[in-house]
Amino acid sequence: MKSYKKIIFSAGLLFLVLGMVSCKKYLDKSPEASISEQDVFINFRNFQGFTEELYSCIPDMSKATWNNEWNFGDDVLSTSVANYRLNMEFDNGNYWAWNNGGGGWANSWLDGAGPQTNPNEAHGKGLWPLAWYAIRKANVGLANLDKLVDATQEEKDIVKGQLLFFRGFFYFELMSFWGGLPYIDKVLPSNEPLTLPRLSYRETALRAAKDLEDAAALLPANWDNTTVGAATKGNNNQRITKSVALGFKGKDLLYAASPMMNQEATGNATYDAELCKQAADAFYRTLKLSDDGSAIYKLLPFTNYSENWYTISSGQNKVPGYPETLLAPPVYTNWESRWSLVNMFIPPQLGGEAAISSPAANYVNYFGMANGLPLDDPNSGYNIADPWSNRDPRFYKCITYDGQQMIQGSAPANKEPYRFANLYNGGNLRRDNDASRTGYLLRKFVTNKCNDVDNEWNNISIIIPYLRLADVYLMYAEAVLNGYGTPQSSHNGYLTAEQAVNKVRERAGVSNVDAKFTSSKEAFMGELIRERAVELAFEGLRWHDLRRWNLAGEKKYKEKTAVDFDRGANGKPVNLRERVVITRVFEKKHNWLPLPLSQVNLYPSFGQNPGW
């Protein structure tokens, strides 16, 4: 009987073929035991066991390294000493820094030491190696579906649906960073030369969309309502479902329809209306599954809003994000959440490290007022002498501003000066090199007890979602607006673009989009851009959004600022002014990350991304 490792190798692996590891290196990684091909694929239990590893290929962007960063747009500023932070390298235009192998870089969640699939370890999981590994594994599974004879039709469908989803999902993730790629949908013979053409972004996206649609046709809306899912009933939240596949199909098509990608495909820096309509249909079907109760996904009430990213539990782990999250990485290791906080958001004065990231002041300005208006609207009620009152309620969930309490319990004398956030100029938490560089601290992923006095960080579990339902509503609005032409347009008589945005705002207690923004497509799109900045703040999406909208090179989105101010006798800021700290480098070549040289040199038709 052949061993499992030999079966996979003889079939020819994408991971191996693309030169990420040598044949000898791969063969040295033998499994714990030799298993026959027949044993691996013959029944649902075994085949699902093979498929399960694909879940462990989803990187946790918040824990892949000790000092990683996943926000690359105009959203955060790291302290001035954090010269090994990936976001700072991106600010400087050094996109080569994503690649660990390109100079010893060690803090990129996009790369890693290899396809680390340990289900009990978040560190070392890089998107680039794991995506190719997962695509290869999905192809191996699909090539062996005929061996799944001891299974019901439901079991066969669920296995195939997961394999198709992961292939489409990982291709979407890859191309959102690196652009169009060869679309490999079969197991490649290892003894044949590579000739696969590199597809355009649109061609790659359409292939991924088909995989995701085919997956949706096979996957259940709710695993708890299947015979397969009965054995794990109540614990199926993180399984791939019909909604997940449709949600990512919509996202894939919306990205392909966006101005940057459409310009690459057609020369027109506008939305592709037809692709927007197709994206709207996928989002519509996703949302309808939640509306009619077929799917488990729904918006969390605002009182539980922070559970989209973290939970606090001193006992059994609770997975953050559900039921709003459609897809997130598994909870690989809870304890590493503390170190994500210590190394990312907690100043050293409160037990963290020096190289923290803070919200850029320009980004904080996107959080408007509770009445739904942006700060610069003359009717918003914004008062520069009292700038943090009556703001959008999501502001208070995401941002720590001057004067907020940072320590709750009894503190030793050396910690007492840090009980409150002294973020004014000269304040003890306002320091360019080891605390807030901008006049703000990031609150979204922490509690007011995450410090070395209250120690709540020992019980926190953080997960950054890949897709949640609020994002689906906002993408539906964007697709409908640009597919059908007005804020009052809808798809299939479902929600209008305006209603979809208001659905997200209503959850937070924010007033509906004002009529002055609903009179034209352009005005509404501007408010939708701001709404995405607020609702999806610091979740790793901003960099993608700015690029696909063709906005990343505009001065407004390149400048990262801080607020300088003194604290008045009434505790309110005085002499508040905004200052540019960094102007991000962004040229046309920065639309895409550079591909690793080892891949580009594999064969002439692969090619490097323009400008690199």
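I sorted the residues that line the largest cavity and got eleven nonpolar, three polar and three charged (Ala, Val, Leu, Ile, Met, Phe, Trp, Tyr, Cys and Pro count as nonpolar, Asp, Glu, Lys and Arg as charged, the others, Gly among them, as polar). I'm working on a predicted model, where local features need pLDDT of at least 70, side-chain atom pairs 80 or more, and totals for chains, interfaces and linings use all residues. Residues are numbered from 1 along each chain, and side-chain values use heavy atoms, without hydrogens or water.

I found five cavities of 30 Å³ or more (a cavity: 1 Å grid points where a 1.4 Å probe fits but cannot get out; lining: an atom within 4 Å of a point). The largest has a volume of about 170 Å³ (the space filled by probe spheres on the joined points). I counted 17 lining residues, with Met61, Glu173, Gly540, Leu541 and His544 nearest the centre. Helices H8 (153-178), H10 (242-257) and H19 (542-548) each give two or more residues to this lining (helices are DSSP runs of H or I, at least four residues, numbered from the N terminus). H8 has the largest share, four residues.

Next I noted the second largest cavity, at about 110 Å³. Its lining has 14 residues, and Ile346, Met406, Val446, Thr447 and Cys450 are closest to its centre. By class I got nine nonpolar, four polar and one charged.

Then I looked at H12 (273-291) and H16 (469-484): they pack at about 145°, axes 8 Å apart (axes fitted to C-alpha atoms over the stretch in contact, angles from 0 to 180 degrees between N-to-C directions). Among the contact residues are Phe283 and Tyr284 of H12, and Tyr473 and Tyr476 of H16 (contact: heavy atoms within 4.5 Å). I sorted this contact into 15 nonpolar, four polar and two charged residues.

Note on methods
1 Å grid on protein atoms, 1.4 Å probe; cavity = no way out; pocket = protein on both sides within 12 Å on 5 of 7 lines; lining within 4 Å.
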